[in-house]
Amino acid sequence: MELTSHPPHVKQPAMSEDIHQGYRDPGLAVLKKYDIAVWDRVEIETTKGLFTGLILPRSKTEDAEHIVIKMPSGYNTGVHVESITKIKRIGRREGHYSIPEKEFPYDKRKKNVTLLGTGGTIASRLDYTTGAVVPAFSPGELYGAVPELADICNLTTTKLFGVFSENMGPEQYVVLAKEIERLIREEDIDGIVIGHGTDTMHHTGSVLSYMIQNTPIPIVLVGSQRSSDRPSSDAARNLINAVYTAAHSDIAEIMVCMFGPTSDDYGLLHVGTRVRKMHSSYRSTFRTLSDVPIAMVWPDRYVPLREYKKRRKDKDVIVNPAYDDRVTILYYYPGMKPDVIDSLIDNGYRGIVIAGTGLGHVNSALNKSLKRAVDKGITVVMTVQTLWGYVHMNVYDVGRYLLELGVIPCENMLPEAAYMKLCWVLGQTQDQKEAKEMMLKTIAHEITEREPHNGYLVYQGGIPEVEKFLSTYKK
Amino acid sequence: MTDEMKKLGFKCGMEIHQQLLTEKKLFCRCPAGLYSTDHHAEVLRHMRPTLSEMGVYDGCALMEFKTKKDILYLLNKKTVCTYEMDDTPPFPINQQALDVAIEIALLTGCSIVDEMHIARKQYLDGSIPTGFQRTGIVGINGSIPFGNKKIEVTQLSIEEDSCRERSDDKHLIKFRTDRLGMPLIEVVTDACFKTPEEAGEGVRHIGRLLRATGHVRRGLGAVRQDVNVSIEGGSRVEIKGVPRYQLIPALTRNEALRQKALLDIRKELKKRKLTKDNLKFFDCDLTDELKNSASPPLRDAIRNGHRIRGIKFEKLSGILRHPTQPGKTFASELAGRVRVIACLDEIPNIYHTDSYPEYPRNHIDLKTLRLSLKLNCDDSDVGIVVWGPDADTVTAINEIRNRIFEAFDGVPCETRQSLRNGLSDFERILPGADRMYPDTDHPPVRIANDRVLKIKDALPEPTYEVEKRLEEHGVPKDTLKSLAISDYIALIDKLHKEGRDMKLVGRILGQTVRSLKRQGVESDKVTGDRWAELITACDEKKIPSKHIEGLVTNLVAYPERSVEDIVLSVCEKIPAPS
């Protein structure tokens with residue numbers, strides 16, 4: 001689930017000039033006829049009886065034939081325009097869209113953490129009048145919503161942009177990398193937390209791992225699978241874990257911090273290039289693939305699970321925000337036709353990441369077009385759809401042909417990690433040989449030399465020993 | 001009694017929750033109506049209050065947060081999927097359930113809404129893993145004839161059922177999730193019931209009407225009432241989850257009297273010239289002073305490394321002894337808060353110098369407590385002690401102080417749980433109105449007119465009308481209620497048209513069927529034609545009533561034998577009519 005800053009059917013904020021937010025004819029005509037605006041308190045006489053309530057905005061994705069009201073009981077309902085015989089205004093109440101701020105306490109003995117906002121809500125409050133969810137972001141607002149943060153550190157916040165996860169792209173990656181460089185070089189901070197929608201968190205985790213190298217402090221991406229307006233949200237806990245990691249851990253890496261199990265227990269710190277969102281809606285959706293996570297984290301401690309780069313006192317971060325967006329991922333399917341590749345060539349793409357079957361295969365019908373691509377200077381790299389395991393293109397003839405054509409095997413790089421890396425590499429060079437060298441030179445665990453046996457764990461439900469384990473472990 | 005209630009200004013309204021008989025749950029495809037006693041996995045969650053409009057927390061929400069409970073959900077893979085765990089968004093609403101809800105809304109005289117919007121109603125007690133219940137209004141402004149008055153139905157909503165609590169021990173509450181998500185409707189009435197008896201009858205009346213659809217679940221837990229009671233000068237208090245209408249008269253009467261007692265206490269405080277501002281109190285740690293206490297709970301507390309904490313209120317002597325419910329005093333109001341909010345749930349959980357008359361001997365030396373150096377109570381003061389883990393005793397003392405302060409206002413708005421003996425105990429602060437917000441996971445649901453008309457055409461006859469007609473037919477009064485919700489209505493109409501003896505009809509289809517059922521003889525499979533044949537034969541042959549039970553037993557036992565045959569064999573000694 002994606003973080004949303006407010007419900008899709010409530011436009012926000014209310015200050016706009018539009019007094020008929022979201023209404024179109026025939027609903028709009030009815031409102032105009034009775035001189036009624038959104039946020040008016042009304043009595044609607046209908047063929048079915050009297051409805052009293054507050055006129056709410058109408059979602060543009062819903063039909064145009066209903067007027068939505070919030071009734072005194074707090075429930076909303078839609079009244080069809082055809083059943084309306086009269087609307088009378090009896091009052092007005094506009095939504096309030098501010099959060100009372102409490103000053104975030106400063107304690108010079110505490111660590112300093114900066115929270116960068118990219119969009120979505122980490123904490124929020126509800127406007128019950130309108131049903132809108134108002135995001136909390138400034139330190140004062142966050143302190144009101146998640147007061148535990150003040151026990152951990154001194155917090156400053158910067159809102160870089162307000163975009164949903166799916167709208168994160170090159171422009172945002174570059175701004176983010178430059179701001180992180182500035183923070184590390186110029187500010188006295190102990191760690192950075194980045195609030196991010198979850199859908200593309202692993203893409204951002206990857207690209208930042210290439211753009212920002214040799215960070216002296218923890219850089220932690222965090223989000224939530226259940227939005228923060230819900231009482232059982234994972235947002236506050238994830239944020240607390242992330243802020244704790246940024247302030248107190250000695251892990252100087254680019255990480256994703258999200259729930260370990262679906263239960264309210266520990267969070268996991270994943271390497272930015274090895275992590276992947278593996279379930280569309282579970283809280284415990286983020287998993288490190290082909291390796292183990294860096295550490296487990298609670299609101300007051302963390303337990304490392306493997307080696308990592310240690311925090312340093314210097315400011316010697318290396319930032320290179322290069323990016324070329326003329327790169328694509330090609331998810332291979334049986335019977336794929338060469339015209340797919342031809343169109344990429346014709347449209348000026350400079351890089352192709354193939355997610356091939358098995359050990360890194362595509363059918364031979366594509367060979368001719370792939371050769372044409374390589375000959376045109378396009379860098380073509382191979383990853384595996386299986387996600388776990390290495391590309392091994394020497395095992396079968398089909399793989400050897402592809403190697404001969406100049407397709408570059410990317411070891412056990414995840415398709416998304418390879419995609420972000422190729423964008424970054426081609427932002428620096430268009431030379432195929434150089435690009436190949438850079439792709440295969442490990443920067444931040446995107447390729448690991450060894451795959452530990454516990455790096456691949458997809459338990460199969462139904463098997464007695466698995467069921468036994470599940471019954472003794474909080475999921 | 002009734003006059004007494006009228007004098008108090010007794011008012012009562014109902015929220016009737018009735019599970020619907022559907023194959024699947026409301027927002028996922030799990031089976032509905034399947035209960036389990038074992039589980040295969042557990043999920044641990046916590047609830048966090050969300051800031052409300054003014055940036056403050058709802059009182060009820062805050063109370064639940066203060067309890068700092070670990071909430072453990074027990075999952076059985078046959079009855080729940082990832083939806084109930086709140087790890088998958090809702091699937092489109094169950095249309096079968098919506099049809100039944102529309103049917104019931106029409107039957108209760110409601111106007112059906114054009115477009116239903118799903119709302120989230122917050123519950124932070126853990127009974128729903130999301131922290132809110134998905135609910136939507138199907139109909140409003142209904143009305144049900146009830147004797148010579150009307151029960152106004154203010155709204156009818158369709159909603160998902162909550163978890164079943166398995167245990168609640170200190171800071172850990174466990175829930176079974178099988179019931180979670182089953183479709184139910186909530187019928188909300190106005191506060192039209194003016195006596196406890198009328199309230200009970202009203203619930204029975206509505207319950208029978210719902211059953212007439214044949215589309216609602218039956219059995220224990222399938223119907224639960226939230227009963228709202230107030231008296232003149234009192235407050236709305238909700239008694240939650242009352243399973244049977246028979247309990248309602250005693251519960252509501254006791255609640256009315258409790259409210260009266262709380263108003264009397266307020267009067268007494270006024271008489272003593274006490275106010276929230278001038279009330280003097282003092283609290284302190286008494287662990288050292290009471291470490292040699294002979295009282296078993298205090299001794300255990302010391303042994304477990306717990307703390308003992310006390311609070312003194314000046315000039316409050318006697319107030320804690322004031323009776324509130326039969327066998328209970330104002331002290332139990334304090335104990336209720338301590339039990340729920342501070343999670344000190346082993347009773348007794350407080351001692352006080354006003355003394356429960358029922359304190360077992362040796363439980364505490366009240367004199368020691370009164371003369372405790374730190375509390376130093378004189379005869380006009382009251383001292384109260386609590387014991388338990390340090391943080392919990394701090395919460396407990398705070399809650400005791402809060403509750404004492406509320407006594408100056410009279411009756412606090414509360415949700416109370418019903419106890420078996422017609423009494424009730426504190427469950428939580430009554431949630432405020434501000435706890436509803438739109439469910440952004442589910443689009444609005446259009447309820448088209450032709451769908452409503454189709455359901456309207458097939459609507460069952462309301463039970464109160466069936467009853468009236470059967471009474472006019474001459475069906476005996478003692479069988480009216482049960483026959484009006486039986487499968488025999490069409491048969492009775494037919495027999496009435498044929499001029500059969502309605503007393504006989506009542507005796508056979510009412511009394512005899514019921515009495516045989518109690519003995520384990522199920523007569524459901526007997527066809528209408530065979531019943532008609534038997535009743536006609538009994539009527540025409542004037543068969544004495546002593547044979548009737550035997551005849552029905554045989555009718556059930558030998559479906560292949562003709563009615564004539566059965567009559568002959570059972571009544572062979574009867575001389576043929578001359």
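**Figure 1. Charges of chain B.** Chain B of this predicted model carries 89 positive and 87 negative side chains. Lys and Arg count as positive, Asp and Glu as negative; His and the chain ends are left out. The centres of the two sets lie 3 Å apart, with each charge placed at NZ of Lys, CZ of Arg, CG of Asp or CD of Glu.

**Figure 2. A nonpolar patch on chain A.** Leu457(A), Tyr459(A) and Phe469(A) make a nonpolar surface patch of about 320 Å². Patch residues have over 30% relative accessible area and no salt bridge, and nonpolar side chains are joined within 5 Å. A salt bridge is a Lys or Arg side-chain nitrogen within 4 Å of a carboxyl oxygen of Asp or Glu. Areas follow the Shrake-Rupley method with a 1.4 Å probe. Phe469(A) sits in helix α12, residues 464-471; helices are DSSP runs (H or I) of at least four residues. Phe469(A) counts as partly exposed because its relative accessibility is 36%; buried is under 20%, exposed over 50%, and partly exposed lies in between.

**Figure 3. His547(B) in its loop.** In chain B, His547(B) lies between α15 (528-541) and α16 (548-557). Is this residue, His547(B), buried or exposed? His547(B) counts as buried, because its relative accessibility is 18%. Lys11(B) is 536 residues away along the chain, and the two C-alpha atoms are 50 Å apart.

**Notes.** Residues are numbered from 1 along each chain as its sequence is written, and chains are lettered from A in the order written. Local features need pLDDT of at least 70, and side-chain atom pairs 80 or more, while side-chain values use heavy atoms, without hydrogens and water.

Terms used. Patches are made of residues with over 30% relative accessible area and no salt bridge: like charges are joined within 9 Å, nonpolar side chains (Val, Leu, Ile, Met, Phe, Trp, Tyr) within 5 Å. Helices (H or I, at least four residues) and strands (E, at least two) are DSSP runs, numbered from the N terminus. Buried means under 20% relative accessible area, exposed over 50%, partly exposed in between (1.4 Å probe, protein chains only).
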